[in-house]
Every structure is written in structure tokens, then in C-alpha cells.
Amino acid sequence: MGAGPRITPQPPPRHALIRLTPLIDVIFILLIFFMLASTLESREQISVGVAPPAGAGPTTADTVRVSLEPDAVVVDGRRVTASAMMSAVAAAVRDRNARIIHLQPQAGVSLQTTLQALERMRGLDVEVSLLEGGGEG
Amino acid sequence: MIGLQNDHRRHPADRETGLLPLINVVFLLLAFYLIAGQLSPSAPFAVTPPEQDGTALETPVRTIIHIAGDGSVAIDGERLEADAIQRSIAAIEGQGAAPVRLVADAEADAARVVSILAQLRDRGVEAVDLVTRQP
């Protein structure tokens, strides 16, 4: 009888190995940290290139310059409406067999508008670079 | 006596085994946020990137530049005044080959964003990734 109780206490270390309550505490804290610190909104990226300043780079005959203004678009010096932009740019690229488009947003044009124009022009199978300059520099 | 102690010890453990389903769920949530969430320095102002299809965000990045709709600029989460921007951009040079990430607001002046891009290019930063959000 005296030996029996001495053997039975042996199982407890199995329970005492890791206490679950502190573990849960830590996991909850980690969970709250990641919930607050991380952003779940899906973000993507596009690579943008900036052309060298006018004169420094190869602004030759195969480059079409498109200047975005708040209410109009200037394609190679010819002013067109925003809705006619793509047809004018496509015509300019075709006529001059251009490989490069320099897109120059002027002050007052939003980034969203510029990116939309950029992506649509990339669809023409030409290299599109942004160009600094215009209004405020 | 020993039997009583034994019972006493077993009780909390039995109660804890009831917590196992809870821990399972919490672990799953933790794994979800670890995998799905992105940790990056946040901007000191609200920035809503423009809508545009792109590719998955690249990591690691050298520096993150935020541009707000009103033209405010923050580099690595620190808001900077106009004269400090150029100095900070100058400091970016030669910090490694990883790209610079640019998070600009959709309503930000594109000319302003391009001028920052041009400054980066002048410092020899070739790879700049512009962050967009899925339409």
C-alpha cells in the first residue's frame, strides 16, 4: 500500500510539461499584434522609368512626346482632347515608327490619370517613360 | 493525501485540454495573418495608391517613399520638409541594389511624383516600384 501511492504521482509531469494558459496568452498577443500591424489590402506594383532630361537622352525621331494637361493632351505639339488621346498617340507611333513614348504630366494632372494613360500606351507595344518638366518642374 | 494532491493537479490540466480547440483556431488565425498580411513602415498620413493592375509586391526594398495627395513626402515613415527631401534622397544612393518603393496617392500631382522619380534617377537609383491597388 505504501508503494502504490509512490508510483501513482508519476503521471503528473506529463501535464506539467507545458502549461497551456501562458501559451494561449502569448499566442493571443501575437495574434493581436499581427492583426493590428499588417495590412490585408492587396497591393501590387508597376515599375516606372523616368527619361533623362530633354537634350541629354536620345530624343530622336523614334520618340513621341505626349504631354498630359488637366483638360487636354498634347501629342507631338498637336493639342487633342483627352478622349482622342489614344487614337492620336497610336497614329503618331505608326506614322513615325516610334519605339519610345515620353509621357510628361503637367501640374494639376493626378497620378491616377497619368498611370491610366501610361498603361494604355504600354499596350501599343512601345517603351513608355515618364518625363519631368513642364509647368513646375 | 497523495491521491487528493493528484486530483488537485489533474483538474487544471483537464480544464486546459478543453482549450485545445480554441488554441487550434487561434493558431490558424495567427498563421493567416502571418501569411496574408504585409508588414511595412506606415505613412504618417493617409495614402490611397492609384488603381492599376500590376505584379506582386517585391521584397526586400531599400527605402519606402510615401507621397500624400497634398504633396507631403515621407521617407521610411518619417515626414520631411521640402529641403530635407533632397538630402534624404541623396542619402539613399549607394545603399544597395534593392529597389526603392514609391507609395503615392492616386490624387497626388503626377508632376510632383515624376520630379521625385527624376531626383532618384539623378542619384543613380534605377529601380523604382510604384505601388498600386487592384481595381
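Where is A:Arg120 placed?

*Solution.* The coordinates are a predicted model, in which local features need pLDDT of at least 70 and side-chain atom pairs count only at pLDDT 80 or more, while totals for chains, interfaces and linings use all residues. Residues are numbered from 1 along each chain as its sequence is written, with chains lettered from A and ligands numbered from 1 in the order in which they are written. Helices (H or I, at least four residues) and strands (E, at least two) are DSSP runs numbered from the N terminus. A:Arg120 then falls in helix α5 (residues 111-122) of chain A. For burial, a residue is buried if 20 or more other C-beta atoms lie within 10 Å of its own, exposed if 12 or fewer, and partly exposed in between, the C-beta atoms being placed from the backbone. A:Arg120 has 14 other C-beta atoms within 10 Å and is therefore partly exposed. A:His102 is 18 residues from A:Arg120 along the chain, and their C-alpha atoms are separated by 13 Å.

**Exercise: the layout of chain A**

*Solution.* Begin with the elements: chain A holds 5 helices and 6 strands, arranged along the sequence as α-α-α-β-β-β-β-α-β-α-β. Next, of the 137 residues in chain A, 23% are buried. Finally, define a contact as two residues whose C-beta atoms, placed from the backbone, lie within 7 Å. Of the contacts in chain A between residues at least 6 apart in sequence, 70% join residues at least 24 apart.

*Solution.* Most residues other than glycine have a negative phi, and most peptide bonds are trans. A:Asp76 has a positive phi near 50 degrees and sits in the loop between β3 (73-75) and β4 (78-80) of chain A. Because A:Asp76 has 16 C-beta neighbours inside 10 Å, it counts as partly exposed. A:Asn97 also has a positive phi, of about 55 degrees, and its place is the loop between α4 (85-96) and β5 (100-105) of chain A. With 8 C-beta neighbours inside 10 Å, A:Asn97 counts as exposed.

*Solution.* Two strands pair if DSSP finds at least two bridges between them. The open sheet has 7 strands with mixed pairing, in the order β1(B)-β1(A)-β6(B)-β5(B)-β2(B)-β3(B)-β4(B). At its edges stand β1 (55-56) and β4 (78-80) of chain B, each with a single partner strand, so one side of each lacks a neighbour in the sheet.

- Between the chains, β1 (residues 43-47) of chain A pairs antiparallel with β1(B) over 2 bridges, and A:Glu44 stands opposite B:Ala56.
- β2 (residues 63-67) and β3 (residues 73-75) of chain B run antiparallel, joined by 3 bridges, with B:Ile67 opposite B:Val73.
- β2(B) and β5(B) are parallel over 5 bridges; B:Ile64 has B:Arg101 as bridge partner.
- β5(B) and β6(B) run parallel, joined by 3 bridges, and the partner of B:Arg101 in β6(B) is B:Asp129.

Which residues point each way from β5(B)?

*Solution.* B:Val100, B:Leu102 and B:Ala104 point one way, B:Arg101 and B:Val103 the other. Turn now to the nonpolar core, a set of buried Ala, Val, Leu, Ile, Met, Phe, Trp, Tyr and Cys residues joined through C-beta atoms within 7 Å. The largest such core has 48 residues, and A:Leu103, B:Val113 and B:Leu117 have the most contacts inside it. Helix α4 (residues 110-122) of chain B gives the most to this core, with 7 residues. Leaving aside residues up to four places away in sequence, B:Val113 touches A:Leu111, B:Ile67, B:Ala104 and B:Ala108.

**Exercise: the contact between the chains**

How many residues of chain B are in contact with chain A?

*Solution.* Counting gives 51 residues of chain B in contact with 44 residues of chain A. On the chain B side, the elements that give two or more residues are α1 (2-17), α2 (20-36), β1, α4 and β6 (128-133).
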